[in-house]
Amino acid sequence: MKTVTAIAWITALSTGFSPGQDTAKTATPTSPEMAAVAANDRAYEAAYAKADVKALLDFYTEDVSYTAEDGTVLEGRAAVEASLAASFAATTGAKLTIDLDSVRVLTPEVVVEKGSTTVVSKDGDPTSALFTAIHVKKDGKWKISELVETPAPVVTAGERLSELAWLVGDWHEADKDAGLTVKSHYQWARGGNFISRNVTVKRGDDDVLEGWQIIGWNPVDECIRSWTFDDAGGFTDGRWTRDGERWLVREVGYAADGGRTTADNTLTKAGPDKLFWESANRTLDGDPLPGISRIEINRVKGE
């Protein structure tokens, strides 16, 4: 591991094990019933975007029972129609997204759908809820006979970082040929909403570089972000995306002399006590830099 590798390891390696960063999900239809319900969801979203009350009512049975997330119970289409009309009159330009989690077939004519909804106002303010819908098949069409909404649980920043808990502790990586060692200590910050990291690079007993990192949830972009600083005066900002057991991070930052740096880093979880890190597409002021091949990093046990 060359010295430049150690420096890059400080400024680029964080951990962004996002719980789904991509948090909202739509189940892939795996049965005719699920495919039909998913198609209805997309059609419902389109009608909602147009504030088309008549089209929306057609998704419900005449005797539908609808329990709103505030506990209000609406019985029959007429009550649902009045509620939809009042909602659109109060909030124009809102967009609805329906995320389907599951469809359970009770009989060939009855299925239960579970999922979540997000309504984004014209001003960009989101409101989310969970729902359970009973669909019945009438004249070849699936219609909602009962709909129950419940408030979506509030997810804290700390809960967003829950998949990072395994990383808390000490990690070590060494290059005996170069005489370099890299040690990292991760811990939860007070309050449990951030993870902090201190990293030191040494050659023998001499300090080469020290760095600090804060890992947290960005509620605006709805993703894991990392902010890294080194004692030479450089810093980077990282945005994380999960791909199975791999986490991809796009780092953008500045060296101490003002040079602009970028890198695409990959962190692969190889077990509770081992991970791999590598870096590609590295640049300095737009000029390409050599990539860094895979490095194995192990947990320090017994400390």
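**Figure 1. Aromatic rings in the predicted model.** In this predicted model, a cluster is formed by Tyr44, Phe59 and Tyr60, which are linked to one another through ring pairs. When the whole structure is searched, four aromatic pairs are found.

**Figure 2. A charged group placed over an aromatic ring.** This view shows Arg294 and Phe276, with the charged end of Arg294 sitting over the ring of Phe276 at 4.5 Å from the ring centre.

**Figure 3. Helix 2 and the elements that cover its buried residues.** Helix 2, made up of the 18 residues 32-49, reaches 26 Å from its first C-alpha to its last, which is close to the 26 Å expected at 1.5 Å a residue. The buried residues of helix 2 are Met34, Val37, Ala38, Asp41, Tyr44, Glu45, Ala47 and Tyr48. The cover over these buried residues includes helix 3 (53-57) and helix 4, together with strand 1 (60-67), strand 3 (95-107), strand 4 (110-120) and strand 5 (126-138).

**Figure 4. Glu45, a buried residue of helix 2.** Glu45 lies in helix 2, and with a relative accessibility of 15% it counts as buried, because that value is under the 20% limit. A polar atom of the Glu45 side chain lies 2.6 Å from the backbone nitrogen of Ile98. Once neighbours within four places in sequence are set aside, the residues in contact with Glu45 are Leu96, Thr97 and Ile98.

**Figure 5. Arg77 and the backbone oxygens that its side chain reaches.** Arg77 is found in helix 4, which spans residues 77-90. The side chain of Arg77 reaches the backbone oxygen of Leu57 at 3.2 Å, and a polar atom of that side chain also lies 2.7 Å from the backbone oxygen of Tyr60. With neighbours within four places in sequence left aside, Arg77 is in contact with Leu57, Asp58, Tyr60, Thr61, Glu62, Val64 and Lys143. Arg250, by contrast, is 173 residues from Arg77 in sequence and 50 Å from it in space, taken from C-alpha to C-alpha.

**Figure 6. Phe131, a buried residue of strand 5.** Phe131 lies in strand 5 and is buried, with a relative accessible area of 7%. The C-alpha atoms of Phe131 and Lys114 are 5.8 Å apart in space, although 17 residues separate the two in sequence. Beyond neighbours within four places in sequence, Phe131 is in contact with Ile98 and Asp99, with Glu113, Lys114, Gly115, Ser116 and Thr117, and with Leu147, Val148 and Glu149.

Figure 7. Most residues other than glycine have a negative phi. Ala51, although it is not a glycine, has a positive phi of about 55 degrees; Ala51 follows helix 2 and lies in the loop between helix 2 and helix 3. With a relative accessible area of 38%, Ala51 is partly exposed. Asp139, which is not a glycine either, has a positive phi of about 55 degrees, and its place is in the loop between strand 5 and strand 6 (141-151). Asp139 counts as exposed at 84% relative accessibility, because this value is over 50%.

Figure 8. The mean pLDDT of the protein is 86, and 90% of its residues reach 70 or more. Over residues 1-9, however, the pLDDT is below 50, and this stretch has 29 contacts in the model beyond near neighbours in sequence. Residues 11-27 also have a pLDDT that stays under 50, and for them the model has 66 contacts beyond four places in sequence. Where pLDDT is low, the predicted coordinates should not be read in detail.

Notes: Residues are numbered from 1 along each chain as its sequence is written. This is a predicted model: local features need pLDDT of at least 70, side-chain atom pairs count only at pLDDT 80 or more; totals for chains, interfaces and linings use all residues. Side-chain values use heavy atoms; hydrogens and water are left out. Helices (H or I, at least four residues) and strands (E, at least two) are DSSP runs, numbered from the N terminus. Contact means heavy atoms within 4.5 Å. A polar contact is a pair of N or O atoms within 3.5 Å; within protein, one must be able to donate a hydrogen and the other to accept it, and residues adjacent in sequence count only if both atoms are side-chain atoms. pLDDT is the predictor's confidence in each residue, from 0 to 100. The expected span of a helix is 1.5 Å times one less than its number of residues. Buried means under 20% relative accessible area, exposed over 50%, partly exposed in between (1.4 Å probe, protein chains only). Rings of Phe, Tyr and Trp (its six-membered ring) pair if their centres lie within 6.5 Å; planes under 30 degrees apart count as stacked, over 60 as edge-to-face and the rest as tilted. A charge sits over a ring if NZ of Lys or CZ of Arg is within 6 Å of the ring centre and within 35 degrees of the ring normal.
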